[in-house]
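Visitor: I would like to learn how to read salt bridges in a model. Could you take me through them on an example?

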Amino acid sequence: QVQLVESGGGLVQAGGSLRLSCAASGRTFSSAAMGWFRQAPGKGREFVASINRYGGRTYYADSVKGRFTISRDVVKTTVYLQMNSLKPEDTAVYYCASSQWTDTYSPSEYNYWGQGTQVTVSS
């Protein structure tokens with residue numbers, strides 16, 4: 001089992017920044033990649049970014065590329081999502097997830113999920 005706990009969400013003005021954290025515990029050896037997903041009101045869960053555990057290769061959705069940065073601290077088993085130049089359309093519940101496969105962005109390929117953290121961007 002892998003337990004994931006997100007933190008760092010909150011209310012921010014458009015153009016501002018937030019950094020989300022995802023702390024992993026348990027059988028973290030089973031995780032090959034970590035991803036961030038988000039779900040806005042009335043929308044489905046969408047891929048935001050992912051990072052491979054070993055090589056550190058990253059992937060981003062086009063909507064956040066250049067504004068968001070995913071990173072990881074291997075020792076602390078923690079993944080971060082630095083969000084800059086936030087827009088109102090970034091408002092959503094952000095979820096951290098763990099996958100046993102690398103280079104994947106499909107929600108169905110992620111085994112464990114955090115509880116989510118709310119990010120609200122005001123105009």
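Guide: Start with an exposed pair: both Lys 65 and Asp 62 are exposed, where exposed means over 50% relative accessible area, buried under 20% and partly exposed in between (1.4 Å probe, protein chains only). This is a predicted model, in which local features need pLDDT of at least 70 and side-chain atom pairs count only at pLDDT 80 or more, while totals for chains, interfaces and linings use all residues. Residues are numbered from 1 along each chain as its sequence is written, and side-chain values use heavy atoms, with hydrogens and water left out.

Visitor: How many salt bridges does the count come to?

Guide: A salt bridge is a side-chain nitrogen of Lys or Arg within 4 Å of a carboxyl oxygen of Asp or Glu. By this rule there are four. One of them joins Lys 65 to Asp 62, with the closest N and O atoms 3.4 Å apart.

Visitor: Which side chain meets Asp 90 in a salt bridge of 2.7 Å, N to O?

Guide: That of Arg 67. The pair links distant parts of the chain, 23 residues apart: Asp 90 lies in the loop between S8 and S9, and Arg 67 in the loop between strand S6 (58-60) and strand S7 (68-73). Strands are DSSP runs (E, at least two residues), numbered from the N terminus.

Visitor: Are Asp 90 and Arg 67 buried or exposed?

Guide: Asp 90 has a relative accessible area of 1%, so it is buried. Arg 67, at 12%, is buried too. Salt bridges that share partners join Arg 38, Glu 46, Arg 67 and Asp 90 into one network.

Visitor: How far apart are the closest N and O atoms of Asp 90 and Arg 38?

Guide: They are 2.9 Å apart, in a salt bridge. Arg 38 is in strand S4 (residues 33-39), 52 residues from Asp 90.

Definitions and conventions: Helix = DSSP H or I, 4+ residues; strand = E, 2+ residues; numbered from the N terminus.
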